[in-house]
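Here is a short report on one protein chain. It starts with charge pairs, then moves to the sheet, the helix packing and the surface.

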Amino acid sequence: MNAILVKPWCHGLPWLPWCNAWKLRLKWNDPLPENIQKTFWNRRDEIQYLEKIDIPHYFEIKGNSVLHLFVDAAKSSYVAFVYVRTVTPFGVKIRLIRAMSRVAPLKTLTIPRLELMARFIGARLVHAVFAALDLQDLKIVAWSDSMVSFW
């Protein structure tokens, strides 16, 4: 049994309102539109809840452990997550290892293109995790909720 301590990292997407402001081509001293201000204040008020989130930094890799990659995309962003799933005598343990997200480019892209970009960062992400763990027998399963990028 290998015990590994890894600090997962996630990018939140706090800059999405700023992307909307950028699209409006506002000048530096121009006031922000009401909807962007409201989004900003809502995000600021939600920061207090971050201290309640607990992400375990310790996970076990056993012979039956499997890496799972999940990717997804929307019109504003795309993401990839790598989890490890381990079956123990006490039940199934699932732990987040690493996550990556990106804001979609300002130029509007199709959902199939964004799904493909999510798969690309997912492949890079799971490869980096697999290489860091250096366990050749570790199985990898990739998940996506969309078939659109296969066409």
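A salt bridge here is a side-chain nitrogen of Lys or Arg within 4 Å of a carboxyl oxygen of Asp or Glu. The model is predicted. A search of the whole structure finds 2 such salt bridges.

**Charge pairs**

Arg44 and Asp45 form one of them, with their closest N and O atoms 2.8 Å apart. Lys62 and Glu60 form a salt bridge at 3.8 Å, N to O. Both distances fall within the 4 Å cut-off. Side chains of opposite charge can pair when their charged atoms come close.

How accessible are the partners? The table gives the relative accessible areas.

| Residue | Relative accessible area | Class |
|---|---|---|
| Arg44 | 43% | partly exposed |
| Asp45 | 38% | partly exposed |
| Lys62 | 26% | partly exposed |
| Glu60 | 22% | partly exposed |

**Overall layout**

The chain has 3 helices and 6 strands. From the N terminus, the elements run β-α-α-β-β-β-β-α-β. Of its 151 residues, 31% count as buried. Among contacts with a separation of 6 or more, 66% link residues 24 or more positions apart.

**The sheet**

What is the strand order in the open sheet of 4 strands? The order is β5-β4-β3-β6, and the pairing is mixed. β5 (91-103) and β6 (139-144) stand at the edges. Each has a single partner strand, so one side of each is left without a neighbour in the sheet. Neighbouring strands are turned by 20° against each other on average, direction ignored.

Strands of a sheet pair through backbone hydrogen bonds, either parallel or antiparallel. β3 (residues 66-73) pairs with β4 (residues 77-88) in the antiparallel sense, over 8 bridges. Leu69 has Val82 of β4 as its bridge partner. β4 and β5 also run antiparallel, joined by 12 bridges. These two strands form a hairpin with 2 residues between them. Ala80 stands opposite Met100 in β5.

**Helix against sheet**

Helix α3 (residues 111-133) lies across β3, β4, β5 and β6. The helix runs at about 155° to β3. Met117 is a residue of α3. Is Met117 buried or exposed? Its relative accessible area is 18%. That is under 20%, so Met117 counts as buried.

Which residues does Met117 touch, leaving aside neighbours within four places in sequence? The contacts are Tyr78, Pro105 and Leu109. Ala80 gives a further reference point: Met117 and Ala80 are 37 residues apart in sequence, with their C-alpha atoms 9.9 Å apart in space.

**Surface**

The chain exposes about 10,700 Å². Carbon and sulfur atoms supply 60% of that area. Ile47, Leu50, Ile53 and Ile55 form a nonpolar patch on the surface. Together these four residues have about 380 Å² of accessible area.

Where does Ile53 lie? Ile53 sits in the loop between α2 (34-46) and β2 (58-61). Its relative accessible area is 55%. The limit for exposed is over 50%, so Ile53 counts as exposed.

Key. Residues are numbered from 1 along each chain as its sequence is written. This is a predicted model: local features need pLDDT of at least 70, side-chain atom pairs count only at pLDDT 80 or more; totals for chains, interfaces and linings use all residues. Side-chain values use heavy atoms; hydrogens and water are left out. Patches are made of residues with over 30% relative accessible area and no salt bridge: like charges are joined within 9 Å, nonpolar side chains (Val, Leu, Ile, Met, Phe, Trp, Tyr) within 5 Å. Accessible areas come from the Shrake-Rupley method with a 1.4 Å probe; for residues, only the protein chains shown count as cover. Buried means under 20% relative accessible area, exposed over 50%, partly exposed in between (1.4 Å probe, protein chains only). Two strands pair if DSSP finds at least two bridges between them. Axes are lines fitted to C-alpha atoms, for helices over the stretch in contact, and angles run from 0 to 180 degrees between N-to-C directions. Contact means heavy atoms within 4.5 Å.
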